[in-house]
Amino acid sequence: RRAAEERLAAIRLYAQDAAADIDYFIRTRRRFNSARPLEYACEIAFIEKNHRGAREIIERHDYGARFAISNSGNSVRVRHLTPFQGDATHRVYGKFECRPCSRYWESASTWRDKWQACQSCETRTYPYDQHPLVQGDHTDATEDNRRPHDMARCERCRELGRICVPGRYYAA
């Protein structure tokens with residue numbers, strides 16, 4: 001019985017990882033627009049070329065909240081603005097790409113379903129990749145090279161009316 005439970009837990013973990021991989025695959029397609037993430041539809045057949053068993057993962061009942069399948073059943077969309085859908089009070093690490101000006105950036109201050117505006121063209125952009133914060137999770141390895149958080153271009157800061165990052169991480 002215990003071995004069966006462990007196998008079932010391993011299968012669930014694999015399915016969660018596979019769903020996250022499929023979400024990442026969709027969000028990193030050339031035509032995916034991070035400014036409007038809910039509009040892009042990716043062909044399931046194309047996903048299956050890169051992810052064996054993708055249709056089964058996408059169609060699973062417990063991942064229905066993550067993916068929206070078209071009426072024809074041939075394409076799929078992401079249902080959320082950002083990959084991270086955990087607690088809205090948790091700050092996570094994210095990667096951004098602004099399609100209009102081809103600018104990439106990373107931030108240790110991203111949140112569930114919140115955008116940051118591009119510094120070059122001011123396009124409101126959602127992260128295409130997010131994961132829990134890990135110490136040392138920034139582009140430059142030394143703390144002296146960290147840039148201050150750009151409050152004016154952060155949706156969360158605008159909503160709060162103050163910096164969204166705890167004071168112990170950045171001096172205001």
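## The largest nonpolar core

In this predicted model, in which local features need pLDDT of at least 70, side-chain atom pairs count only at pLDDT 80 or more, and totals for chains, interfaces and linings use all residues, the largest nonpolar core has 16 residues. A nonpolar core is a set of buried Ala, Val, Leu, Ile, Met, Phe, Trp, Tyr and Cys residues joined through side-chain atoms within 4.5 Å, and a residue is called buried under 20% relative accessible area, exposed over 50%, and partly exposed in between, with a 1.4 Å probe and protein chains only. The residues with the most contacts inside this core are I22, I26, I47, I58, F67 and V76. Residues are numbered from 1 along each chain as its sequence is written, and side-chain values use heavy atoms, with hydrogens and water left out.

Four elements, α1, α2, α3 (54-59) and β3 (75-78), each supply at least two residues of the core. Helix α1 gives the largest share, which is five residues.

The protein chain has four helices and eight strands, where helices (H or I, at least four residues) and strands (E, at least two) are DSSP runs numbered from the N terminus. Of the 172 residues of the protein chain, 37% count as buried.

## The three-stranded sheet

Three strands form an open sheet with the order β5-β4-β8 and antiparallel pairing; two strands are said to pair if DSSP finds at least two bridges between them. The edge strands are β5 (103-110) and β8, each of which pairs on one side only. On average, neighbouring strands of this sheet are turned by 15° against each other, with direction ignored, an angle taken between axes that are lines fitted to C-alpha atoms (for helices over the stretch in contact), on a scale from 0 to 180 degrees between N-to-C directions.

Strand β4 (residues 92-98) is joined to β8 by four bridges, and these two strands run antiparallel. Within this pairing, G94 has Q130 of β8 as its bridge partner, while V92 has P132 of β8. On the pairing of β4 with β5, which is also antiparallel, there are six bridges, and K95 stands opposite E106 in β5. The hairpin of β4 and β5 has four residues between the strands, and in this hairpin S102 takes a positive phi near 60°. Because six of the seven residues of β4 are buried, this strand is largely enclosed by the rest of the structure.

## Aromatic pairs

A pair of aromatic rings is described by the distance of the centres and the angle of the planes. Rings of Phe, Tyr and Trp (its six-membered ring) pair if their centres lie within 6.5 Å, and planes under 30 degrees apart count as stacked, over 60 as edge-to-face and the rest as tilted. A search of the whole structure finds four such pairs. One of them is the tilted pair of Y24 and Y128, with 6.3 Å from centre to centre and 50° between the planes. This pair links distant parts of the chain, with Y24 in helix α1 (residues 2-27) and Y128 in the loop between β7 (124-125) and β8 (129-132), 104 residues apart. Y24 is partly exposed at a relative accessible area of 38%, whereas Y128 is buried at 12%.

Another tilted pair is formed by F25 and F46, at 5.5 Å centre to centre and 40° between the planes. F25 belongs to helix α1 and F46 to helix α2 (residues 44-50), and the two are 21 residues apart. F25 counts as buried, with 8% relative accessibility, whereas F46 is partly exposed at 34%.

## Charges over rings

A charge sits over a ring if NZ of Lys or CZ of Arg is within 6 Å of the ring centre and within 35 degrees of the ring normal. The charged end of R29 sits in this way over the ring of F25, at 3.8 Å from its centre. In a second case, R156 lies over the face of W111, 4.1 Å from the ring centre.

## Cysteines

A disulfide is a pair of cysteine sulfur atoms within 2.5 Å, and by this rule the count comes to zero. For C98, which is in no disulfide, the nearest cysteine sulfur is that of C121, 3.4 Å away. C98 is buried, at 0% relative accessibility. C101 is likewise in no disulfide, and the nearest cysteine sulfur, that of C118, is 3.4 Å away. With a relative accessible area of 30%, C101 is partly exposed.
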